[in-house]
Amino acid sequence: MDEKVEEAVSTLDLPRASRRRLLSGAGLFSASLAAGALLSACSDDKAEAAGAMGNFPETPKWKFTFVNHVTTNPFFTPTQYGMEDAAALLGIEKPQWTGSQNSIVGEMVNALNTAISGKVDGLAVAVVDKDAFRAPVDQALDAGIPVVSYNADGARGDPGTNRLAYIGQGLYESGYELGKRALETVSGGEVAGFIATPGALNIQPRIDGAQQAFQDSGKPITFTPVATNADVTKGLSIIDAYAVGHANVSGMLAVDAGSTASVGQTVKKYNMRSKSLKVAGGFDLIPESLAGVKDGNLDYTIDQQPYLQGFLPVLALYFYKVSGGLIAPSETNTGLLFVTKDNVEPYQNTKSRYEGSTTDKVLVPRSGPIAHG
């Protein structure tokens with residue numbers, strides 16, 4: 001083998017056996033092929049260092065910004081892991097995570113305007129208001145900055161912006177399915193639908209969908225939306241008081257994570273399963289809700305895959321940039337999965353970035369048949 005090639009091989013951080021095989025040409029037709037393989041590997045390393053990943057061309061270190069309405073809410077922990085993992089996969093900068101801690105729309109708009117002024121390369125926005133984001137999103141698009149929405153997309157039939165696409169759960173549809181599932185066990189009576197922040201467009205479409213499902217059923221059911229509170233402690237008190245004052249309630253549903261957990265706790269506190277309650281359920285996978293499902297105090301909670309709501313917007317913005325706009329972002333529903341007593345155990349026992357339960361990058365094994373229709 002050429003001594004230059006041999007010298008180069010000696011500088012590589014390879015296991016001893018691998019270095020020996022490469023130097024001897026084992027598994028290769030000739031020393032020249034060994035040299036070719038080495039040079040190819042070196043070229044790949046240079047390309048990666050220059051910003052080219054996989055089969056993609058060299059690109060700038062694009063930086064994307066996510067504007068969120070509750071930046072410190074643990075629901076969005078896997079969302080942040082998702083956007084980080086996608087950026088690492090593509091060799092771009094870690095996206096900025098900004099917005100408001102308490103769903104203050106003005107703070108979100110300010111964060112959006114700051115990103116536009118800073119000439120960010122792409123934007124993902126939780127559109128929780130159908131009017132406030134219209135002008136800044138238009139400004140971004142006019143400046144050549146691609147924008148997608150995620151997690152929330154304005155009102156049903158009115159996305160509230162000219163964003164290129166929405167990536168997240170179909171909110172109205174998921175609410176409709178919440179009600180439809182409840183109708184499997186409720187034939188009449190009163191059903192309460194608890195909502196932390198009425199009018200907030202990340203959850204209002206859900207309760208609208210649930211209400212429509214009950215109306216469409218034609219069953220003698222009174223569906224009553226009940227405002228709780230963004231403060232989970234206050235919300236729990238409201239749900240508790242409702243349960244005390246409505247001893248014959250047939251169903252208790254919720255459309256946000258905090259209210260869902262509080263429903264489960266209230267059902268347990270008053271042993272409502274032994275009374276008139278036929279169904280209890282809601283949304284999201286916080287530990288309290290999963291425990292409620294496991295213990296039978298909740299019939300189900302709905303997973304909307306928040307990890308994908310971080311990962312997929314980064315891919316969409318990247319493909320738009322790398323293709324010169326020829327690959328436009330597409331509407332993407334991140335799904336609806338009912339977590340029940342039958343399938344809750346893996347959610348409780350598995351620690352992964354995909355559910356936000358650990359920072360570790362681990363392969364999550366599974367085995368056995370996959371459920372299907």
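Biologist: What does the accessible surface of the protein chain come to, and what percentage of it belongs to carbon and sulfur atoms?

Modeller: Please note at the outset that this is a predicted model. The accessible surface of the protein chain comes to about 18,100 Å², and 52% of that belongs to carbon and sulfur atoms.

Biologist: How many helices and strands does the protein chain have?

Modeller: The protein chain has 13 helices and 12 strands. Of its 373 residues, buried ones make up 46%. Among contacts with a separation of 6 or more, 72% are accounted for by residues 24 or more positions apart.

Biologist: With which residues is L123 in contact, leaving aside its neighbours within four places in sequence?

Modeller: L123 is in contact with T65, L112, A115, I116, A140, I145, P146, V147, V148 and L317. One of these partners, L112, is also among the core residues that touch the most other members.

Biologist: Let us take a strand next. How many of the residues of β4 are buried?

Modeller: Strand β4 is mostly covered, for seven of its seven residues are buried. It pairs with β3 in the parallel sense over four bridges.

Biologist: N151 is found in β4. Which residues does N151 touch, not counting those up to four places away in sequence?

Modeller: N151 touches H69, F75, F76, Y166, I167, G168, L171, N202, Q304 and Q309. Its relative accessibility is 4%, so N151 counts as buried.

Biologist: Let us move to charged side chains. How many salt bridges does the structure hold?

Modeller: The structure holds 11 salt bridges. To read one, look for a side-chain nitrogen of Lys or Arg within 4 Å of a carboxyl oxygen of Asp or Glu. E331 and R163 form such a pair, their closest N and O atoms being 3.3 Å apart.

Biologist: Why does the pair of E331 and R163 tie together parts that are 168 residues apart in sequence?

Modeller: E331 lies in the loop between α12 and β11 (332–333), whereas R163 lies in the loop between β4 and β5 (166–168), so the pair ties together those parts. R163 is buried, with a relative accessible area of 14%.

Biologist: How far apart are the closest N and O atoms of R273 and D299?

Modeller: They are 2.7 Å apart in this salt bridge. R273 lies in the loop between α10 (257–269) and β9 (279–283), and D299 in the loop between α11 (287–295) and β10 (300–303), so the pair ties together parts 26 residues apart in sequence. Both are partly exposed, R273 at 27% relative accessibility and D299 at 29%. Elsewhere, salt bridges that share partners join E84, D85, K94 and R353 into one network.

Biologist: Finally, which residues form a nonpolar patch on the surface?

Modeller: Y354, V362 and V364 form that patch, with about 220 Å² of accessible area together. V362 lies in the segment after α13 (345–349). With a relative accessible area of 33%, V362 is partly exposed; a patch takes residues with over 30%.

Key: Residues are numbered from 1 along each chain as its sequence is written. This is a predicted model: local features need pLDDT of at least 70, side-chain atom pairs count only at pLDDT 80 or more; totals for chains, interfaces and linings use all residues. Side-chain values use heavy atoms; hydrogens and water are left out. Patches are made of residues with over 30% relative accessible area and no salt bridge: like charges are joined within 9 Å, nonpolar side chains (Val, Leu, Ile, Met, Phe, Trp, Tyr) within 5 Å. Accessible areas come from the Shrake-Rupley method with a 1.4 Å probe; for residues, only the protein chains shown count as cover. Helices (H or I, at least four residues) and strands (E, at least two) are DSSP runs, numbered from the N terminus. Buried means under 20% relative accessible area, exposed over 50%, partly exposed in between (1.4 Å probe, protein chains only). A nonpolar core is a set of buried Ala, Val, Leu, Ile, Met, Phe, Trp, Tyr and Cys residues joined through side-chain atoms within 4.5 Å. Contact means heavy atoms within 4.5 Å. Two strands pair if DSSP finds at least two bridges between them.
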